[in-house]
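Thanks for coming. Please have the structure open.

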Amino acid sequence: MEFLLGLFMPFFGTTLGAATVFFLKGGLHEGVQRALLGFAAGVMMAASVWSLLLPAAELAAGPGWVPCLTGFLAGVAFLLGVERLADTGGLLAFAVTLHNVPEGMAVGVALAGMGSGLSAASALALSFGIAVQNIPEGAVISLPLGAGGMKKARAFGRGVLSGAVEPVASIFTAALVSFVRPVLPYILSFAAGAMIYVVVEELIPQAQSGALTKSATLGAALGFAVMMTLDIALG
């Protein structure tokens with residue numbers, strides 16, 4: 001029961017965040033739409049640092065900068081190659097999904113450790129922390145899509161699907177923990193590179209084009225602050 005709770009808790013967090021799209025009203029003011037794009041950019045920038053790059057450096061067996069630099073540049077190069085295959089919403093969902101894979105793997109490592117010395121409370125605490133962090137990430141996908149005119153149910157589905165990879169990654173990692181652990185820093189950094197690429201290439205230019213750019217800037221600051229606080233407070 002504890003294993004299942006730890007397995008699915010992060011997915012429930014993403015689903016809860018994606019459900020915020022149902023509270024949106026149609027025809028949002030342009031300033032609100034720009035603020036949502038800015039918020040998404042801020043969340044993704046903070047998550048790239050505190051959820052991905054810093055843990056990658058801590059988990060590295062050798063010099064921490066090696067997997068961080070290698071994985072980060074590989075993530076940027078990968079998104080550069082697939083950019084033409086999706087619109088902004090598709091790229092955003094893809095980048096957040098990539099970010100959820102290493103988070104799911106981290107949960108899998110912790111859950112596997114319950115049988116070899118790690119307490120169930122520690123594993124569940126990690127799962128809960130990631131679940132709370134996933135709430136704004138689910139909203140990051142669904143809210144801009146809903147504000148842009150996509151049907152709310154479809155925008156919600158995009159957000160939910162981005163989190164569905166986490167329990168899959170957790171199960172895979174728990175089963176193969178001894179093989180996955182050495183490459184986890186590279187996977188974390190790869191996801192960070194992909195997210196930063198989307199922020200710089202798509203989100204910021206869209207949020208800052210035309211008038212009402214201050215709302216986008218404030219949205220980015222708020223998103224960064226929220227995600228930074230969650231990452232540091234929940235570890």
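Setting aside neighbours within four places in sequence, W50 is in contact with P55, F224, M228, D231 and I232, where contact means heavy atoms within 4.5 Å. Before going on, the ground rules: this is a predicted model, in which local features need pLDDT of at least 70, side-chain atom pairs count only at pLDDT 80 or more, and totals for chains, interfaces and linings use all residues. Residues are numbered from 1 along each chain as its sequence is written, and side-chain values use heavy atoms, with hydrogens and water left out.

W50 lies in helix α2. Helices here are DSSP runs (H or I, at least four residues), numbered from the N terminus. The classes are buried under 20% relative accessible area, exposed over 50% and partly exposed in between, with a 1.4 Å probe and protein chains only. F224 is also partly exposed, at 26%.

Now the aromatic pairs. Rings of Phe, Tyr and Trp (its six-membered ring) pair if their centres lie within 6.5 Å; planes under 30 degrees apart count as stacked, over 60 as edge-to-face and the rest as tilted. The count by this rule is five aromatic pairs. W50 and F224 make an edge-to-face pair, 5.7 Å centre to centre with 75° between the planes. Because W50 sits in helix α2 and F224 in helix α9, this pair ties together parts that are 174 residues apart in sequence. The F78 and F190 rings have centres 5.5 Å apart and planes at 50°, so that pair is tilted. F78 is in helix α3 (residues 65–82) and F190 in helix α8 (residues 184–208), so parts 112 residues apart in sequence are tied together. F78 is partly exposed at 35% relative accessibility, and F190 is partly exposed at 22%. Separately, F8, F11 and F12 form one aromatic cluster.

Back to the two helices that carry W50 and F224. How do the axes of α2 and α9 cross? The axes of α2 (residues 30–59) and α9 (residues 213–234) come within 6 Å and cross at roughly 35°. Axes are lines fitted to C-alpha atoms, for helices over the stretch in contact, with angles running from 0 to 180 degrees between N-to-C directions. Residues meeting across this contact include G31, G38 and G42 in α2, and G219 and G223 in α9. By class, the contact has 15 nonpolar, seven polar and two charged residues; Ala, Val, Leu, Ile, Met, Phe, Trp, Tyr, Cys and Pro count as nonpolar, Asp, Glu, Lys and Arg as charged, and the others, Gly among them, as polar.

Next, the cores. A nonpolar core is a set of buried Ala, Val, Leu, Ile, Met, Phe, Trp, Tyr and Cys residues joined through side-chain atoms within 4.5 Å. In the largest one, of 46 residues, M44, L79, L92, V140, V198 and L203 touch the most other members. At least two residues each come from α2, α3, α4 (88–113), α5 (120–147), α6 (152–175), α8 and α9. A second, separate core has six residues, among them L7, V107, A123 and I130.

Last, T14, in helix α1 (residues 2–18). T14 is buried, at 2% relative accessibility. Beyond four places in sequence, T14 is in contact with N134, G138, G159, S162, G163 and E166.
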